[in-house]
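Let's walk through this model together, one question at a time. Have the sequence and the 3D view open as you read.

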Amino acid sequence: MSINRPVATALAAALCLLTAACGDSSDSDTASGTTTEAAASRTGYPVTLENCGRSETFKKAPSRVVLMNGASVAEVSTLLALGLQDKIVANQQTYGMSEVAGRAAAIKALPTGNVKLNDAYDIPREAMLGLRPDLVLSTTSYGFDEKNGFATRDQLKAVGANSYVSPQGCDQDTSKMTIADSYTLLRDMGKVFNVTEKAEKLIAASEKNIAAVSAKVKAEKTPKVMVLFSNMSMGGNDFSSVVAKGIYNDILARAGGSNAFENASKTSFADLSKEKVAATDVDALVVIGYNDPNPAAYAKKLLKEFPQWPAAKNNTYVTLSDSMYLGPSNDLAVEKIAKALHPEAF
């Protein structure tokens, strides 16, 4: 799929100075002869993460982070939520929209590294090594696959760079992903950058918001929801971007809904005929806009195309972008969907 790459400018940020202060503390401890253990207790380093069968050890907070595209904004949104934008030297992630006010603009303002992307709209090996990263983030292991022209994790390690694959991305099968994986990503980045307290506050706030919404819709009837991407084709049928499994279903369940096409595929997406879609009772639509400036227009078009749906008769739809994926803002998707499915509960 083609992804727009607007020219980005560097974002000057004064947030999250904690890591820099901790780095100074570490140098001071070493100079005064304090033991490594004592220094670690003050700085939080070294930190070791087990990630896709590898041990990644961080001796200090990364300061030259590169974010692979991977059709994701989970990683860049997580770093922004933690106040770490000043650590990013190259970002290839963008959806062009967000449920979080100001996030799309903040992502657009990040540096891109001015690299020439490959056919997968991502950073090839030589360009990656030229960026001199000390941490590279990829949503799945695809971003470190040598046969696709990317720098491998071993090649990055050889030049002193750590690497990280986000939760459920090791085998590139995201069908079992849940909201808990978004929290794992936050916690891991909190540890890596020594901002664990900030990560835990974000997680606690999200959990509280989701619990409050779920409590309001607990006794309500569970509508059947169709989740799909607007104006996107990923297969041979008319409806090849329909969600079957993954974090989407966890979000729907917390919002008091269920996926009308959950059993249509064993993988994350179903490739459906128009006849199959027409024969299914759809009570509501959730349309995900991936670089689509007007997903609402697509939703209205579908409701007109299938007037027999309860969703069409009641004009029940909601449009979302980044909060429906892995990332720090799943509670916003839960709340927005719940209000569309159960307006009487709010």
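Q: In which loop is Pro46 found?
A: A note before we start: this is a predicted model, in which local features need pLDDT of at least 70, side-chain atom pairs count only at pLDDT 80 or more, and totals for chains, interfaces and linings use all residues. Residues are numbered from 1 along each chain as its sequence is written, and side-chain values use heavy atoms, with hydrogens and water left out. Helices (H or I, at least four residues) and strands (E, at least two) are DSSP runs, numbered from the N terminus. Pro46 is found in the loop between α2 (36–43) and β1 (47–51).

Q: Which residue does a cis peptide bond join to Pro46?
A: Most peptide bonds are trans. Here omega is about 0 degrees, and the residue joined to Pro46 by this cis bond is Tyr45.

Q: What phi does Cys52 have, and how accessible is Cys52?
A: Most residues other than glycine have a negative phi. Cys52, in the loop between β1 and β2 (54–58), is not a glycine, yet its phi is positive, at about 55 degrees. For accessibility, buried means under 20% relative accessible area, exposed over 50%, and partly exposed in between (1.4 Å probe, protein chains only). Cys52 counts as partly exposed because its relative accessibility is 31%.

Q: Where is Asn291, and what is its phi?
A: Asn291 is found in the loop between β11 (284–288) and α11 (295–305). Asn291 is not a glycine, but its phi is positive, at about 55 degrees.

Q: Which residue of β6 is the bridge partner of Val136?
A: Strand β5 (residues 135–138) runs parallel to β6, and four bridges join them. For Val136, the partner in β6 is Ser163.

Q: How many residues of helix α9 are buried?
A: Helix α9 (residues 247–254) is mostly covered. Among its buried residues are Tyr248, Asn249 and Asp250. Just after the helix, Gly256 takes a positive phi of about 85 degrees. Of the eight residues in α9, the buried ones number six.

Q: With which side chain does that of Ser230 make a polar contact?
A: Ser230 lies in the loop between β7 and β8 (239–243), and its relative accessible area is 2%, so Ser230 is buried. A polar contact is a pair of N or O atoms within 3.5 Å; within protein, one must be able to donate a hydrogen and the other to accept it, and residues adjacent in sequence count only if both atoms are side-chain atoms. At 2.6 Å, the partner side chain is that of Asp292.

Q: How many aromatic pairs are found, and why is the pair of Phe229 and Tyr325 tilted?
A: Rings of Phe, Tyr and Trp (its six-membered ring) pair if their centres lie within 6.5 Å; planes under 30 degrees apart count as stacked, over 60 as edge-to-face and the rest as tilted. The whole structure holds nine aromatic pairs. The ring centres of Phe229 and Tyr325 are 5.9 Å apart, and the pair is tilted because the planes stand at 55 degrees.

Q: How far apart in sequence are the parts that Phe229 and Tyr325 tie together?
A: Phe229 and Tyr325 are both buried. Phe229 lies in strand β7 (residues 224–229) and Tyr325 in the loop between β12 (317–320) and α13 (330–341), so the parts tied together are separated in sequence by 96 residues.

Note on methods
Two strands pair if DSSP finds at least two bridges between them.
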